[in-house]
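I am opening a notebook on this structure. The entries below record what I looked up, one item at a time.

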Amino acid sequence: MGEKRASYILLLAGVLMAALAEALAGTALSFGRIDMWGDLHTTSDEFALLDVGYTAAKLCGFMMVPALYARFRPLYVMLTSCGLMTAFSIFMTCSHSLYLLVGFRIVQGMAGGIILVGGQTLLFNVFSRKLQPLTQFIFALGALVAPATFVSALQGWMVDALTWEAMYLAAALCGLVGFFALSCIP
């Protein structure tokens, strides 16, 4: 019984941290826009490719989850998408080429869409009906509340005190913690 409880806690923590990584990566352009414009030497129209690519890929990721879950073990799908979010958040800090960053954002968007829909689906399928209010509350903290409140304050500080790259490193850190928690599930 203790091992099962530990698996539940690891699953919930992993999905929460993956959702936080998506929240940080998904909202980073809102706060880092002006600093990124200067570093990338782009116009606002060119810069919009980063948002458009992310959003389009995220919508595709939403729709891919049923097919991925039917073909692969759901935990592996979550591990892969969390790993991609982590890796491509780190890659975002390594380049100042707009078109390379657009490609990175597309992968981030797809991984983020899979994390959000796949994570919630996994929680619905694993936890009992009695525990759903608590699990969905915890999931909502990472998926809905964090992007609207906590992330805004954190990213505002990061842009002022650090650089726009710090936001992606914070997303990578959250993704790494989520990946580790999910990979510890037997």
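I looked up Glu22 and found it buried, with a relative accessible area of 3%. Buried here means under 20% relative accessible area, exposed means over 50%, and partly exposed is in between, with a 1.4 Å probe and protein chains only.

A note on the source. I am working from a predicted model, in which local features need pLDDT of at least 70 and side-chain atom pairs count only at pLDDT 80 or more, while totals for chains, interfaces and linings use all residues. Residues are numbered from 1 along each chain as its sequence is written, and side-chain values use heavy atoms, with hydrogens and water left out.

Entry two, the partner. Which side chain meets Glu22 in a salt bridge? I found that of Lys58, at 2.7 Å, N to O. A salt bridge is a side-chain nitrogen of Lys or Arg within 4 Å of a carboxyl oxygen of Asp or Glu. Lys58 lies in helix α2 and Glu22 in helix α1 (residues 2–40), so the pair ties together parts that are 36 residues apart in sequence. Helices are DSSP runs of H or I with at least four residues, numbered from the N terminus. Lys58 also counts as buried, at 18% relative accessibility. I searched the whole structure and found one salt bridge. Side chains of opposite charge can pair when their charged atoms come close.

I looked at how helix α2 (residues 44–71) packs with helix α4 (residues 98–126): the angle is about 35° and the axes are 6 Å apart. The axes are lines fitted to C-alpha atoms over the stretch in contact, and angles run from 0 to 180 degrees between N-to-C directions. The residues of this contact divide into 20 nonpolar, eight polar and four charged.

Helix α3 covers residues 74–92, 19 residues in total. From first C-alpha to last it reaches 27 Å, close to the 27 Å expected at 1.5 Å a residue; the expected span is 1.5 Å times one less than the number of residues. Its buried residues include Leu75, Cys82, Phe88 and Met92.

I placed Gln132 in helix α5 (residues 132–148). Is Gln132 buried or exposed? Gln132 is buried, with a relative accessible area of 12%. Its side chain reaches the backbone oxygen of Phe127 at 3.0 Å.

How values were computed:
Helix = DSSP H or I, 4+ residues; strand = E, 2+ residues; numbered from the N terminus. Nonpolar A, V, L, I, M, F, W, Y, C, P; charged D, E, K, R; others polar. Polar contact = N/O pair within 3.5 Å; in protein donor to acceptor, adjacent residues only side chain to side chain.
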